[in-house]
Amino acid sequence: GYRYVFGATNVLKWTCWVLVVGLVASLHSFLFVTGEVIAQLARDGHFLGILAQEHSRFKTPAMALGAGATAAFGIVFTLYLALGRDLGALGSVTMSMCLFCTLISYVVQLWCFLWLRC
């Protein structure tokens with residue numbers, strides 16, 4: 001898509017690498033925050049209380065991290081089977097889901113911010 005619009009230049013090549021690094025950093029931030037969000041929802045009573053347990057030594061929400069990782073693996077594996085074991089399609093669908101969920105997350109955060117301010 002980008003090559004068609006901007007042409008095949010070195011600037012485009014390096015811009016794509018910067019976009020990939022930003023995407024990887026964004027996905028890692030989702031991984032890091034998932035456990036905390038699940039644990040906080042468990043502390044507030046929205047999820048099972050066991051998900052709020054912290055590791056005794058490291059003070060990380062170990063149960064919440066495990067539950068989030070298990071749910072993510074289950075979703076990806078289900079998509080893999082549903083898409084006929086096509087890794088190319090799986091990557092596209094997974095990336096689209098991540099970006100769509102990011103957009104929804106930002107909209108909800110903006111709405112909550114405005115709701116609290118007004």
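What share of the 118 residues of the protein chain count as buried?

1. Burial. The answer is 11% of the 118 residues. Keep in mind that this is a predicted model.

2. Secondary structure. The protein chain has four helices. Read from the N terminus, the order of elements is α-α-α-α.

3. Overall spread. The radius of gyration of the protein chain is 18 Å. The globule rule gives 13 Å for 118 residues, and the value here is well over that, so the chain is more spread out than a compact globule. Along the principal axes, the C-alpha atoms fill a box of roughly 55 × 45 × 30 Å.

4. Surface. The protein chain has an accessible surface of about 9,500 Å². Carbon and sulfur atoms hold 72% of that surface.

5. Charges. The protein chain carries 7 positive and 4 negative charges. Their mean positions lie 10 Å apart.

6. Leu-81 sits in helix H3, which spans residues 62-82. Is Leu-81 buried, exposed or partly exposed? Its relative accessible area is 41%, so Leu-81 is partly exposed: the value falls between the 20% and 50% cut-offs. Leu-81 and Ala-42 are 39 residues apart along the chain. Their C-alpha atoms are separated by 31 Å.

Definitions and conventions:
Residues numbered from 1 in each chain as written. Predicted model: local features only at pLDDT ≥ 70, side-chain atom pairs only at ≥ 80, totals over all residues. Heavy atoms only, no water. Helix = DSSP H or I, 4+ residues; strand = E, 2+ residues; numbered from the N terminus. Buried < 20%, exposed > 50% of the residue type's maximum accessible area, 1.4 Å probe, protein only. Rg over C-alpha atoms; globule rule 2.2 N^0.38 Å. Areas by Shrake-Rupley, 256 points an atom, 1.4 Å probe, with all protein chains shown as cover. Lys, Arg positive; Asp, Glu negative; His and termini not counted. Charge placed at Lys NZ, Arg CZ, Asp CG, Glu CD.
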